[in-house]
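Student: Could you please show me how to read a sheet and the helices beside it?
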Amino acid sequence: MNLSSIEALPILLKSINKISHDVLFIPEFELDSARLATRFETLGYDLKVFIETGLKLYHDLKVDNEGIKPLDNKLDIKKAKIYEAEKFACRSLKGKGAKSGLRVIYAHFEEEKRIELIEIYYKEDKENEDKTRILKYYQ
């Protein structure tokens with residue numbers, strides 16, 4: 001199976017646990033990914049790289065490259081810390097680098113060592129995260 005294909009998500013989940021956190025996708029994230037994968041062929045592979053490097057650097061190694069920022073101050077969430085990843089390199093968007101315009105919203109459960117991917121969107125399609133979705137799962 002081609003890792004650039006969004007159908008590779010289950011395979012990615014098995015290989016992703018190279019970081020010390022379990023990484024899960026909520027159903028809406030899977031739908032977002034499938035929709036975007038029709039436009040950005042490398043999205044499946046790019047997600048794998050983001051999880052194995054971006055999330056590992058930030059949460060396991062405590063390295064802040066200023067690509068991930070907390071959204072907690074905007075929402076009253078107690079169950080988990082909600083983050084927005086602004087640096088997400090997408091090989092399908094040549095020349096844009098890590099500031100591709102793709103955003104990933106996720107919840108981090110520090111004590112459980114678990115990350116749940118909530119939403120992925122493209123800034124040219126949508127300006128901000130879906131606060132209703134975040135509150136539905138985490139309030």
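Tutor: Let us begin with the terms. Helices (H or I, at least four residues) and strands (E, at least two) are DSSP runs, numbered from the N terminus, and two strands pair if DSSP finds at least two bridges between them. This is a predicted model, in which local features need pLDDT of at least 70, side-chain atom pairs count only at pLDDT 80 or more, and totals for chains, interfaces and linings use all residues. Residues are numbered from 1 along each chain as its sequence is written, while side-chain values use heavy atoms, with hydrogens and water left out.

Student: In what order do the strands of the sheet lie?
Tutor: The order is 1-5-4-3-2 in an open sheet of 5 strands, and the pairing is mixed. From one strand to the next, the twist averages 30 degrees.

Student: How many bridges join strand 3 to strand 4?
Tutor: Strands of a sheet pair through backbone hydrogen bonds, either parallel or antiparallel. Here strand 3 (residues 81-85) and strand 4 (residues 102-109) run antiparallel and are joined by 5 bridges. Lys81 has His108 in strand 4 as its bridge partner, and Glu84 stands opposite Ile105 of strand 4.

Student: Which helix packs on the sheet and touches strand 1, strand 4 and strand 5?
Tutor: That is helix 2 (residues 27-37), whose direction makes about 40 degrees with that of strand 5 (114-122). Contact means heavy atoms within 4.5 Å. Axes are lines fitted to C-alpha atoms, for helices over the stretch in contact, and angles run from 0 to 180 degrees between N-to-C directions. Helix 3 (residues 43-60) lies across strand 1, strand 2, strand 3, strand 4 and strand 5, and runs at about 50 degrees to strand 4.

Student: In what sense do strand 2 and strand 3 pair?
Tutor: Strand 2 and strand 3 pair in the antiparallel sense, over 3 bridges. There, Pro70 stands opposite Tyr83 of strand 3.

Student: How many residues of strand 3 are buried?
Tutor: A residue is buried under 20% relative accessible area, exposed over 50% and partly exposed in between (1.4 Å probe, protein chains only). Strand 3 is mostly covered, with 4 of its 5 residues buried.
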